[in-house]
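Subject: Handover of a structure

Dear colleague,

Please find the structure below, with its sequence.

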Amino acid sequence: MIIDKMLHEAVSLSDPHGPRQVVILGAGFDSRANRFATHLPVNKWFEIVNPTAPTLYILEGLVYYFSTEDVEALLKSIPCIPHSRIVVSVVERSLQKAFEKFGIDSWSTNYELLRSAGALWLKNYKLRRTILPCSNHFGLRVPVTLVTSLLFGTWWNRLVYYFHIPDGRVLECEAI
């Protein structure tokens with residue numbers, strides 16, 4: 001929802017020089033092109049037809065699977081066309097640590113590593129805003145199923161843990 005709002009703001013008709021192309025890297029099952037194609041002033045989704053036109057690049061749920069060096073190279077490879085924007089979501093180190101306690105180590109990088117390496121500060125782009133999603137206020141809900149063997153059989157207990165830690169943030173940068 002946060003990135004959808006950023007998308008609406010970036011391609012609004014109020015800015016005649018704003019992006020009219022949207023590139024979603026690592027789109028997977030992303031349905032934005034279908035959901036917004038009829039009511040947003042976007043000429044092209046997913047493909048860059050005119051690399052000289054302002055473009056909105058969305059990197060949601062993607063960069064934490066790359067090394068810090070690969071993220072930096074990817075971000076630097078994005079053309080700097082005035083009024084273009086980059087929206088990128090990154091995972092917080094605190095969430096990464098919480099999952100490591102349960103033996104889950106699926107993310108290669110996090111906000112703190114990217115920030116300290118300078119990967120998020122791009123030449124000719126300015127940081128417009130950083131947003132911490134609402135789960136930071138309410139906690140991240142993680143359902144866990146436990147199997148308990150008792151004398152007369154097996155019981156399945158479903159527990160829900162709430163992590164009250166920052167889980168990620170969304171950064172929006174604009175070409176200058």
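The buried residues of helix H3 (68-77) pack against E3, E4 and H5. Here H marks a helix and E a strand: these are DSSP runs, of H or I over at least four residues for helices and of E over at least two for strands, numbered from the N terminus. Buried means under 20% relative accessible area, exposed means over 50%, and partly exposed lies in between (1.4 Å probe, protein chains only). The buried residues in H3 are Thr68, Val71 and Leu75. Seen down the axis of H3, these residues fall within an arc of 60°, so they line one face of the helix. The arc is taken from the directions that run from the helix axis to the C-beta atoms. On the other side of H3, Glu69, Lys76 and Ser77 are exposed. As background, an α-helix has 3.6 residues a turn, so residues three or four places apart point the same way.

This is a predicted model, in which local features need pLDDT of at least 70 and side-chain atom pairs count only at pLDDT 80 or more, while totals for chains, interfaces and linings use all residues. Residues are numbered from 1 along each chain as its sequence is written, and side-chain values use heavy atoms, with hydrogens and water left out.

The overall fold

The chain has six helices and eight strands. From the N terminus on, their order is α-β-α-β-β-α-β-α-α-β-α-β-β-β. Of its 176 residues, 41% count as buried. Among contacts (heavy atoms within 4.5 Å) with a separation of 6 or more, 71% are between residues 24 or more positions apart.

Helix H1 (residues 2-10) has Ile3, Asp4, Met6, Leu7 and Ala10 as its buried residues. Down the axis of H1 they fall within an arc of 160°, so they line one face of the helix. In helix H4 (residues 93-100), the buried residues are Leu95, Gln96, Ala98 and Phe99. These also fall within an arc of 160° when seen down the axis of H4, so they line one face of that helix. Gln96 has 5% relative accessibility and therefore counts as buried. Leaving aside residues up to four places away in sequence, Gln96 touches Asp105, Trp107, Ser108, Thr109 and Asn110.

The nonpolar cores

In soluble globular proteins, nonpolar side chains tend to be buried together. A nonpolar core is a set of buried Ala, Val, Leu, Ile, Met, Phe, Trp, Tyr and Cys residues joined through side-chain atoms within 4.5 Å. Which residues have the most contacts inside the largest nonpolar core? They are Leu59, Val63, Leu75, Ile78, Ile86, Leu114 and Tyr125, in a core of 20 residues. Strand E3 (55-59), helix H3, strand E4 (85-91), helix H5 (111-117) and strand E8 (168-175) each supply at least two residues of this core. A second, separate core has 14 residues, including Ile3, Leu7, Ile24 and Phe36. Leu114 touches Val63, Thr68, Val71, Val90, Thr109, Ala119 and Leu120, not counting residues up to four places away in sequence.

Strand E8 also holds Arg169. Arg169 counts as buried because its relative accessibility is 17%. The C-alpha atoms of Arg169 and Val88 are 8.5 Å apart, although 81 residues separate the two along the chain.

A cavity

On a 1 Å grid over the protein atoms alone, a cavity is a set of points where a 1.4 Å probe fits but cannot get out, and lining residues have an atom within 4 Å of a point. The lining consists of Leu75, Ile86, Val88, Leu120, Trp121, Leu122, Leu127, Leu171 and Cys173.

Cysteines and backbone angles

How many disulfides are there? The count is zero, where a disulfide is a pair of cysteine sulfur atoms within 2.5 Å. Cys80 is partly exposed at 31% relative accessibility, whereas Cys173 is buried at 7%.

His83 is not a glycine, yet has a positive phi of about 75°; His83 lies in the loop between H3 and E4. Asn124, also not a glycine, has a positive phi of about 70° and is found in the loop between H5 and strand E5 (125-131).

Yours sincerely

Note on methods:
1 Å grid on protein atoms, 1.4 Å probe; cavity = no way out; pocket = protein on both sides within 12 Å on 5 of 7 lines; lining within 4 Å.
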